[in-house]
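Please look through the sequence and the model below before reading the notes that follow, which are grouped by topic.

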Amino acid sequence: MTVKVVERPRRTFATQIYIVEVWKGLAITFRHLFVNLYRHVLHRANASVTIQYPEDPAVLGHRARTRHRLLKRDDGSPRCTACLLCETICPAKCIRITAENAPDVLVEKRAKTFDIDLGMCIFCGYCVEACPVDAIHMDANDVAITSYSRKDMIWNMAELMGDKKKPASTPDA
Amino acid sequence: MSGLTPELLAWTAFKVLAAILFFGMNIAGLLGWVERKQSAVMQDRIGANRADIFGITLLGLFHPIADAIKMLTKENFQPKGVYQPLYSLAPVIAMGAGMFCLAALPFGGVVQFAGRAWSLQPIDCSVGVPLVLAALAFGVHGVVMAGYASGSNYGLLGALRGAAQMIASEVCLASSLAGVLLIYGTLDFQQAVTWQGAHVWGIVVQPLAFILFLTAGAAVTKRAPFDLPEGESEIVGFHVEYSGMKFGMFLITDFMESIVVCGVIASLFLGGWTIPGLDLPAMGPLGGALMLASFSFKVLALLFLLMQIRWTLPRFRFDQLLDLCWKNVLPLSLLNFLATVWGVYLWR
């Protein structure tokens, strides 16, 4: 393993008088200004990097952890077997599951209710790691989860599975 | 002055009001928009574009109007312990000094119209250049007053910084002009512009003075990269205790001073209202309009350059600024003056 020694750039007289450096900086910013103006005039898409979020969709990274999603089996029943591993590992204690007997004997158990309080969730992703049956993901890519009350931050099972749309929160609720 | 006739007085009052309220305030308002948009476009952003009237945003041009409404309707919060007379007077003095300078700028020459000679310079004065420099220097009183009267240590620190910075840059401002004024042989803006129209632009004979004056001018406007009287992260600034429209007046003052500095540069280095190859004073009203257009264009181009510099360079440290002014710009401008004296002596 070799060590690469990087020479610290010397302060020469040319950089010290600053005029040349100012001009170099101005050349860069002027180039950006005029190139971007040209693109704006032509309505090119790459004129700016701004994402105008409420109008345009939010652009999220591939590995972004967003709102939870409960997955289903091929027959449409929830994958969750109510093993409570996610509820146990959750550091924020935002998951509340009640279990019931499943009609399928091979599955034995299933969730009767599955509530996640997103107001308490810290988006650590432990629940996804802990799940043995791959029933919970954090890839809904939904970042607009705000509400007017703490109560409205709690999502129930149907909403997490996408069977039911979460009702919009109102200020007086 | 040949007789103060009523129509001459009215014309002068109209010119002064037009220079301050139409030229000054409109460009100052527009600069708020330019500042946002120019910085945004050169940084690959879009910039403020949300203020709208009936859904029309017009590239964010309504933001200055929204700013004005916000500042006028904001609570004028005043802390305990301010010294009321100076506290109220400070923004007026700061802005008034800038406005007065505007009225002394040569917006145009003398136009023959309807059998009379109409001067387009609001305040026709044979010592226009020292007048503008003195009024510009008077603005520092507003800064010091604001810091002192607000009864806050942070305000006072900002005011002291402002005073030291503005004195340093005022000295450079005046000394860098010495050479170019010696060549013109006048202290009158109008004659300086006429000289440049007859010979060459000042930037050709005094390129070093142009750069030095631009540097000192950027420092005297208290805007980045020399915005040391206001440091958001350290001392906030001399106007820390001001709110509402009083704060807005300090904001406008910076823009006003930028316009003044650009106006002085345009009239002493870039030929003022002259257009090369055109004899504007002989063209009557059309010539007058062209004078105003030429001068405004030069001022706006310089403001564009200053704004670009403001968004390109990182902020100076305070000792760096004082070193720049006292140890570099001032000796260079004095050397430039000595060389000019020698040159003029040999040339005559």
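How far apart do the C-alpha centres of domain 1 of chain A and domain 2 of chain A lie? They lie 52 Å apart, where domain 1 covers 13–45 and domain 2 covers 69–161, with bounds that come from an automatic or database domain assignment. This is a predicted model, in which local features need pLDDT of at least 70 and side-chain atom pairs count only at pLDDT 80 or more, while totals for chains, interfaces and linings use all residues. Residues are numbered from 1 along each chain as its sequence is written, and chains are lettered from A and ligands numbered from 1 in the order in which they are written.

**Helices in chain B**
- Helix α6 (residues 189–198; helices are DSSP runs of H or I, at least four residues) has eight of its 10 residues buried, so it is largely enclosed by the rest of the structure; a residue is buried if 20 or more other C-beta atoms, placed from the backbone, lie within 10 Å of its own.
- The buried residues of α6(B) include B:F189 and B:W195.
- Helix α11 (residues 318–347) has 30 residues and a kink of about 30° centred on B:L324, the bend being the angle between axes fitted to the seven residues ending there and the seven starting there.

Methods. Helices (H or I, at least four residues) and strands (E, at least two) are DSSP runs, numbered from the N terminus. The expected span of a helix is 1.5 Å times one less than its number of residues. A residue is buried if 20 or more other C-beta atoms lie within 10 Å of its own, exposed if 12 or fewer, and partly exposed in between; C-beta atoms are placed from the backbone.
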